[in-house]
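I opened my notebook to look up a few things in this structure.

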Amino acid sequence: MLSGTWTQSISQILGWAYFILWSLSFYPQVLNNHSRHSTDGFSIDFALLNLLGLTSYTIFNACFLFSPVVRAQYAQRHPQSPTPTVQWNDFVYALHGALICCYLGSHFLCARFWNFESKPQRVSNLTLVVVLGYMGVVSLATLRVLVSASWEWIDVVYVMGMAKVFLTAIKYTPQAVMNYWRQSTAGFSIGAILLDLAGAALSLMQLVLDSSLQADWSGTVGNVAKLLLGNITVLFDLIFILQHFVLYRERRHRRSSNGTQSYSPV
């Protein structure tokens, strides 16, 4: 059986490994857009929901790392493992991802500046409803803390974490649907998905290892956002891999050989 020191070291290695993989996963799409001078094949709804989710996840992690109030409330609810399983790499990843998503958003909003020749995309009404709904839910949770003694600030943080989980499940859907209607994954980076899948697997491994180190599996529930995020990410990444390498493989190769649409495979 591994000693506590070795287990902690492995946890840190896993944490920084998935941080690197997930951080790198943002760049293939950026490079893909610039190499094609286009955002065709990349969903604006996916980009917007990803930005909102990562911003929410950044706040979630920041509260568990830096807020004495939230950390004290967590310790009160988890006396056997009073230290949150949120790691520094969780916060850095989320902040870095949010910034890159802002950059990707500029590809849609400032297409002329980047000299992109793309078909204009509009944010769907459903996505706008989701964004407004998110703002409303967080506002109501904050108001409940202010007017009710039954809620604490950690509950608002958990709401934001669960909102990130919901946004993760929703954000992939517009891209998967776009791929389905186009019967192609051309323009959407499969390299990003492969890195995303590897990072999600390591993230789940770290969470399980941290909880076993504390000899208290409630740590996985205490960091439910990370637990569900990893599983949802794995599920949708497998769907995109199936679309790219199995369902639409022949169509993608046919487009490339005809020279009518040639995209970078990254």
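**Cavity.** My rule works on a 1 Å grid over the protein atoms alone: a cavity is a set of points where a 1.4 Å probe fits but cannot get out, and lining residues have an atom within 4 Å of a point. Grid points are joined across faces, edges and corners, and a volume is the space filled by probe spheres set on the points. This is a predicted model, so I kept in mind that local features need pLDDT of at least 70, that side-chain atom pairs count only at pLDDT 80 or more, and that totals for chains, interfaces and linings use all residues. Residues are numbered from 1 along each chain as its sequence is written, and side-chain values use heavy atoms, with hydrogens and water left out.

I looked for cavities of 30 Å³ or more and the count came to 1. The largest cavity has a volume of about 330 Å³. I then asked which of its 24 lining residues are the closest to its centre. They are Phe26, Asn50, Lys171, Tyr172 and Asp196. H3, H5, H7, H8 and H10 each give two or more residues to the lining, and the largest share, 5 residues, comes from H3.

**Overall fold.** I counted 11 helices and 0 strands in the chain; helices (H or I, at least four residues) and strands (E, at least two) are DSSP runs, numbered from the N terminus. Of the 266 residues, 51% count as buried, where buried means under 20% relative accessible area, exposed over 50% and partly exposed in between, with a 1.4 Å probe and protein chains only. For contacts I took heavy atoms within 4.5 Å. Among contacts between residues at least 6 apart in sequence, 81% join residues at least 24 apart.

**Nonpolar cores.** A core here is a set of buried Ala, Val, Leu, Ile, Met, Phe, Trp, Tyr and Cys residues joined through side-chain atoms within 4.5 Å. The largest has 45 residues, and Phe42, Phe60, Phe64, Tyr93 and Phe240 have the most contacts inside it. Helices that give two or more residues to this core include H1 (4-24), H3 (44-66) and H7 (153-182). H3 gives the most, with 9 residues. A second, separate core of 9 residues includes Leu49, Val130, Val138 and Met160.

**Helix H7.** I checked its length against the expected span, 1.5 Å times one less than its number of residues. The 30 residues of H7 should span 44 Å, and the end C-alpha atoms are 44 Å apart, which agrees. H7 is mostly covered, with 21 of its 30 residues buried. Asn179 sits in H7 and is buried, with a relative accessible area of 0%. Leaving aside neighbours within four places in sequence, I found Asn179 in contact with Gly41, Ser184, Thr185, Phe188, Phe240, Gln243 and Tyr248. After H7 comes Gln183, with a positive phi near 55 degrees.

**Helix H8.** Ser211 is in H8 and is also buried, at 0% relative accessible area. Ser211 and Thr85 are 126 residues apart in sequence, yet 7.8 Å apart in space, C-alpha to C-alpha.

**UniProt record.** I looked up "transmembrane region" in the unreviewed UniProt entry, which lists several spans, among them 126-147 and 228-248. Positions are in the numbering used here, feature names are shortened, and annotations may be inferred rather than shown by experiment. Over residues 126-147 the model is 100% helix and 0% strand, with end C-alpha atoms 31 Å apart. Residues 228-248 are 95% helix and 0% strand, with end C-alpha atoms 29 Å apart.

Conventions
On a 1 Å grid over the protein atoms alone, a cavity is a set of points where a 1.4 Å probe fits but cannot get out, and a pocket is an open set with protein on both sides within 12 Å along at least five of seven lines; lining residues have an atom within 4 Å of a point.
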